Amino acid sequence: MQRFLFFFGFLTTLLLPHIGWAAPVGFQAGLKQDIAVKATGWKQVTGMQTSNEFGLFQLGTAFNETTATFTAPAKGHYIVTGMIRFGNANDGPANRYIRAQIGINSNHTDINNGMMTIQGEPRLKVLTLHVSGVVALNQGDKVTLWSYSNNDNDYTIQKGTRFSVMQIDPALSHGFHADLNSSLAVTAAGWKQTTSWRTTGTPGLFSLGGGFDANKGEYTAPVSGYYHFSARLRVDLFNAGYYQAHIAIQGRDSNNGLISTGRHTRNPYSTVELSGVVFMNKGEKATLWLFSSEDNSFSIQSESGFSGALISTAQKAGFHADLNAKQSMSYNAWTLLKGWRTSGSKGLFAGTGFNATQGTYTVPTSGYYYISSQVRLDNLNQISTVYPNQASLGIDVSSQIYQQAMHVDPQSNLYSMRVEGFFYLLKGDILSVQVQGTFDGAFDANTESGLSVILMGYADEDKDGVTNDKDCDDKDKTVYPGAPELCDGKDNDCNQKTDDVQGPCTVPNVKGVCATGEWSCGRGLQKYCKSKTLSQIEVCDGQDNSCDGNIDNVPGLGESCKVPGKSGLCETGVLKCDLQKKATVCEQTIQPVDEICDGKDNDCDGKVDNLKDLGQPCTDSNRKGACGPGTWLCLNNKKICQAFAVPTKESCDGQDSDCNGKVDDIAESGKPCIIQSQKGECRVGAWACANNAKECQATTQSTTETCDNKDNDCDGKIDNIADFGKPCTDSNRKGECQPGTWVCGNNTKVCQATVQPTAEVCDQKDNDCDGQVDNGVCNKPNECPNGCPAGQTCQNGTCQTSATNPCANVNCLPGEFCREGSCFPSCGCLTCAKGNVCVDGACRADLCGGVTCPVDQVCSPSTGACEPDPCKGVTCNADTVCEAGVCVQDPCSVVKCGTNQVCVKGQCYDQGCEPGAPPKPLPDGGTLPPPPTAGCNASIQWEPSLFAFLLSLLLLLAFTWRRTSRERSHL
């Protein structure tokens, strides 16, 4: 018996099973009556209804039946299905075609939104075109269903046309909807994966939650769950064999229930479509393929579409199956498809209620179901004398055929028919898929057929706002979880108790606790308020126990009392009610505070004026120094700092002992004193306190020594200036009297002469310091008594030319001598200690300095020991001397000494002070010991470093100077 169900816009509490989501919108609509189309071009399908036929419904008010327009109430993702059944679409010239199109925002001309199906050269009495997918909509977007004919201007859109939309739970944000980015050329028969998709650029396209690789055409499940897939592949210029579209899960498997077949060998345009709900594990991949049995030259057009979306992550009522074995059809009768399977291939799954062997599904709960089936029919090729063969595919619900698709084509002996949409089903309904061949009883249903059924939302049959998955009686609107219990003999609130009315009530005309009651069911199912408590003695519990209208009116409340166990001010209280103890208590009114000097126990510890800091150190800001510190005490109800010190004599103890505000200001402070550990000017100091003791602190620091008869640098020596004793020249004196040494005299730094005037001698010096050299005293043969020719000078009694002696024209200052054209300090009468020798006016270390060796021995410069003389028996020419048994140039040959000086081993000495000179007579008749030397004829003993230097210098001069053969005297 056919049943008609009526649904209204207020049914907005549909629950999806994965988390109990109440779907806010959805509908399934059918065409009220045939539409006669009398023009080519686009035609919107209008005039639809959502009631009066089995399975039709509307949730919410988003669908306008008159205009057949769905307006999205919220942004989200929606499953959209459209099925247009065409009649007599067979007129017109060649290359004619028809379309079915889902339009978004009336943009039905956008055939690249992935929601279009085309069929060329129809010539069919009846033809059903399908289009479906998951689209992304913004709030206010409009969805409509359209047909199109390019040439036929006289066809019919039949009543079997269906249009449906259902929103997917917004919490399940995983999926995509795409169309081909550009057409794909097929150049070989066999399987070809579709790639290069796009998910933006046209309304409805999207990719959300990751997983879809548009370039590869590959969707990877981001979570395990139930996924809705839909695909349409437009095949153009196909002219041989048959083709198939296949949504593969983890690789191609033609028996996964997601494959559709077509054979339109003389049609230039055709579309193969398929859809279903499959189970995928996280990480599994879904891809879309096209197969050609023979044709190797056709194209897959960009108007193709591919979509997939997660609709649940939890077990759902429903299944996805494929046909287990081929099944033959009966002649001109509806045949139920049997022998399905729900396992064995990826994507298949089963819930309770499906008998796969019998091909029947017993609906486990009333609700809204998505149903999709593609059935491949083979060998459908018998031709009637009147009509070509006609095949029909329908959904049978309790022996009634609904959602019927029809197709007529004498050339298509391989063809997949489809039905798809949303149904409202009642618990216990029997669902099956039926096939009918009007004139052919010898065709088959192939195993590449599939069937999907899945619950999308629960029903609310009694319209009480609670769906049947939670309502314990969905036939009675007064019964649902949380409903108010009534005295009606029913379990209204679904707690498995009848007439257990609950909840507080107030007994009329009664006061206090006596007025508190509970609802109860009396005789005749009358509800009345029954008092729970009778009048009692008043107690402290916040209630009117005596029911006299007064709460806690216990005698003595508010009177003063003494708090037990408290001391001091804290024992003061007032009598109050303790609601927890349900008794009167003396409530403390004064809380402990810090103790102050007032003769009271403020902190309630049983002691009066026992401040925490009594006896603790304090400072009296009105007193200074050592007199300021004291201890705290209470006196006359006041807290004072009682000083414990009186002024005393100031001492160096870091305290202001005399309490005058100054620390360590002893009487001697600043008075002069002597620092015993210091010397010179640093001994002067002043008394001060330091490190808790009286100290004599320095007032004068060490400075550079000056001639002021003081020890400025504090080294214990007075006027020992830095250049004390160093050579200097007195410009106020003449001749040999100019050289001197620095000394302090009369608090002034002066150059004190070291040479006094002596009798003039013939030595080219101003001995008597009168400003004239050798004034009338040169009359000795060796002193060049006749003078020297022009260009020559007297050197040790010999006239020498400037070319021979580089020092010939060099005049050095007094106290200096010339060597190789440069001036150096002379040794004068400088006497060096043993182990030293004079070099250029200064004593330097020399192992042979002061060493006197026996005859025929000399001192070794390297060891300082006497050894046999290697120069014994060696005779050298003029200007050379023997050194280590070898004749070398005499170092005195390049030396020019000053007046009254002689050269020894390249150094100039004052006459009588040279090494080997006889001792000088002393005033008392004694003699000074001679300077250390081996004599003029002895072998020369050299400091190694000086010898090396002079030897190198002399060798260099030997190559550059022109020698003269003249005699030289040796000392």
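## Aromatic pairs and a cluster

Rings of Phe, Tyr and Trp (taking the six-membered ring of Trp) count as a pair if their centres lie within 6.5 Å, and the pair is stacked when the planes are under 30 degrees apart, edge-to-face when they are over 60, and tilted for the rest. In this predicted model, where local features need pLDDT of at least 70, side-chain atom pairs count only at pLDDT 80 or more, and totals for chains, interfaces and linings use all residues, one aromatic cluster is formed by Phe176, Trp197, Phe212, Tyr219, Tyr227, Phe229 and Phe306. Residues are numbered from 1 along each chain as its sequence is written, and side-chain values use heavy atoms, with hydrogens and water left out.

The count of aromatic pairs comes to 27. One of them joins Phe176 and Tyr219 in a tilted arrangement, 5.1 Å centre to centre and with 35° between the planes. This pair links distant parts of the chain, since Phe176 belongs to strand β17 (residues 175-180) and Tyr219 to strand β23 (residues 218-220), 43 residues apart; strands here are DSSP runs of E with at least two residues, numbered from the N terminus. Phe176 counts as buried at 0% relative accessibility, where buried means under 20% relative accessible area, exposed over 50% and partly exposed in between, with a 1.4 Å probe and protein chains only. Tyr219 is likewise buried, at 0%.

Phe817 and Phe824 form another tilted pair, 6.1 Å centre to centre with 40° between the planes. Phe817 is buried at 0% relative accessibility, whereas Phe824 is partly exposed at 25%. Arg819 lies over the face of Phe824, at 4.1 Å from the ring centre, a placement that requires CZ of Arg or NZ of Lys to be within 6 Å of the ring centre and within 35 degrees of the ring normal. Arg376 lies over the face of Tyr242 at 5.9 Å from the ring centre.

## Nonpolar cores

A nonpolar core is a set of buried Ala, Val, Leu, Ile, Met, Phe, Trp, Tyr and Cys residues joined through side-chain atoms within 4.5 Å. The largest such core has 70 residues, and Phe70, Val80 and Phe163 have the most contacts inside it. Leaving aside neighbours within four places in sequence, Val80 is in contact (heavy atoms within 4.5 Å) with residues including Ile102, Met115, Val131 and Phe163. A second, separate core of 33 residues includes Leu184, Phe212, Phe229 and Ile300.

Key: Helix = DSSP H or I, 4+ residues; strand = E, 2+ residues; numbered from the N terminus.
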